[in-house]
Amino acid sequence: MGGRVSANATGTQADPYMPGHGDTAYGVDHYELDLTYKAAGNHLTGRAHLTLTLAVDTPTITLDLHALKVTRVDLTGANLRRWAHRASHLTLRFADTVPAGTVLSLTIAYAGTPRTVPGPDGRAGWEELADGVIVASQPHGAPSWFPCNDRAADKATYAISVTTDTAYAVVANGTLAERRKDGRATRWIYAMDEPMAPYLATVQIGRYETTEVSGAPVPVRLHHPPRLRSAVAEAFADQAQMVSTFVELFGPYPFAEYAVVITDDVLEIPLESQAASTFGSNHCTRSWEAQRLIAHELSHQWFGNAVTAAQWSDIWLHEGFACYAEWLWSEAAGIATTGEQAARHHEKLAALPQDVIVISPGASEMFDDRIYKRGALTLHALRLEVGDTTFFAILRDWVARHNGGSVTTAEFEALSERTAGRRLSGLFHAWLRAEPLPALPDARRQPTG
Ligand SMILES: [Zn+2]
């Protein structure tokens, strides 16, 4: 068709940190993904049913789908003139301009070998393991396995069905609604009933066995290769206590359950998905480095997954909070107090170049460790300023108000000021909008709340 006409092409960039991803002309309400995967040959066949609502009057919409080949598109709710799939964009042109508010039902058949999606911070998405699959989509990898509106603020519910060889276990987001063996293949159907950003959707395929964790306020399951059984049991021995600690500090766990996948492969970094996290075999130790990551990924269920930054420039709302959760767990586990962790990391940060702005790190620096640590220090400075009672009230209120939604830094600042009953613009400006690292407020002068 004649050129890509979408929100992107017309200049209303969905997110400047993800050029070419997402379309603000519509929002997806529900994805139903029906996938068949053949590990031999790394071949994926998919059928995606999307229910979506137009946000504006528009003659076209664009979905993101990378490398895979679209074989058929069916649309109800509007007349489809034609579709084209080029350069990772599936564009639908309607016969006429369709009014805002129109609900469309779209079915897309596609197939091929999934390829990770390149971006400013590297490649992300569906990837083969030595024997299985990992999907690590943060921040731009979702189009590697399903057609989507790839912007973090477009949250939808999901049903994900995967059929693959019975030798493999499949873990996806949410609750396992059904598992049905059919000849040599097994179909796994998962339901995610809470709104989810596309980058948080996942499928993990491997020769895993499942260990149930007891004592947590929600079901927690560890999926791992049998050979790692004892290492996993030891490394994740505190998982239930971590969930309980964070429930106490942040409020109810936002999803029906928590799945932890431990791959047979070594992974450079672990990653959060909605209601799930993925670790490598190398993370199965009792070292603080492994334990802090186990706490970090869990805390993303509240900060990042339930409450999601609308724009990637606000990534500190995920990573600063998750880093602070590490320090909170450090104190709960008797390793070092949160204040000691903050002082230690403040000292380390002070020795590094101070040339990043927390709320605008730039697309290639959004996962810079300084954003994580200074984001966490921002929260600690806020806590010292307003006292413990007010600080934790802010955190719990933040999750309760925005659970299932999208947020901005300005909203966090406004909530903090409202809860504290005073202006905090000086503090937020110094920590979030200026380069020089501020000193931490003196804890001894502050109310203990
Ligand atoms: Zn993180």
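1. Helix α4 is mostly covered, with 15 of its 17 residues buried; buried here means under 20% relative accessible area, exposed over 50%, and partly exposed in between, using a 1.4 Å probe and protein chains only. From its first C-alpha to its last, α4 reaches 23 Å, close to the 24 Å expected at 1.5 Å a residue. The expected span is 1.5 Å times one less than the number of residues in the helix. Glycine 334 follows α4 and has a positive phi, near 75 degrees. Helices are DSSP runs of H or I with at least four residues, strands are runs of E with at least two, and both are numbered from the N terminus.

2. On the basis of the model: it is predicted, so local features need pLDDT of at least 70 and side-chain atom pairs count only at pLDDT 80 or more, while totals for chains, interfaces and linings use all residues. Residues are numbered from 1 along each chain as its sequence is written, and side-chain values use heavy atoms, with hydrogens and water left out.

3. Tyrosine 324 is placed in helix α4. At 1% relative accessibility, tyrosine 324 counts as buried. Leaving aside residues up to four places away in sequence, tyrosine 324 touches Thr338, Ala376, Leu379, His380, Arg383 and Phe391; contact means heavy atoms within 4.5 Å. Leucine 92 is 232 residues from tyrosine 324 in sequence, and their C-alpha atoms are 43 Å apart in space.

4. Which residues coordinate the zinc ion? They are His296 (NE2), His300 (NE2) and Glu319 (OE), at 2.0 to 2.1 Å. Donors are N, O and S atoms within 2.8 Å of the metal (3.2 Å for Na, K and Ca), and sites may look incomplete because water is not among the atoms. The spacing of the donor residues in sequence is H-x3-H-x18-E. Histidine 296 belongs to helix α3 (residues 288-299) and glutamate 319 to helix α4, so this pair ties together parts that are 23 residues apart in sequence. Histidine 296 and glutamate 319 are both buried.

5. Helix α8 (residues 409-420) has 12 residues, which at 1.5 Å a residue should span 16 Å; the end C-alpha atoms are 16 Å apart, which agrees. The buried residues in α8 are Thr409, Phe412, Glu413, Leu415 and Ser416. They cover an arc of only 165 degrees around the axis, which puts them on the same side of α8. The arc is taken over the directions from the helix axis to the C-beta atoms. Among the elements that cover these buried residues are α4 (316-332), α6 (369-386), α7 (388-402) and α9 (425-433). Just after α8 comes glycine 421, with a positive phi of about 75 degrees.

6. In α9, the buried residues are Leu427, Phe428, Trp431 and Leu432. Viewed down the axis of α9, they fall within an arc of 95 degrees, so they line one face of the helix. The buried residues of α9 pack against α4, α5 (338-350), α6 and α8.

7. Some backbone values deserve a check by eye. Most residues other than glycine have a negative phi, and most peptide bonds are trans. Asparagine 42 has a positive phi, near 50 degrees, and is found in the loop between β1 (26-38) and β2 (43-54). With a relative accessible area of 7%, asparagine 42 is buried. Alanine 275 also has a positive phi, near 65 degrees, and sits in the loop between β19 (271-273) and β20 (276-279). Alanine 275 counts as buried at 4% relative accessibility. Glutamine 138 and proline 139 are joined by a cis peptide bond, with omega about 0 degrees; proline 139 lies in the loop between β10 (132-136) and β11 (156-165).

8. The domain assignment gives domain 1 (1-205), domain 2 (208-301) and domain 3 (308-445); such bounds come from an automatic or database domain assignment. The centres of domain 1 and domain 2, taken over C-alpha atoms, are 27 Å apart. Between these two, 19 residues of domain 1 are in contact with 17 residues of domain 2. About 1,500 Å² is buried between domain 1 and domain 2, and carbon and sulfur atoms give 61% of that area. Buried area is the accessible area (1.4 Å probe) that two parts lose on being put together, summed over both.
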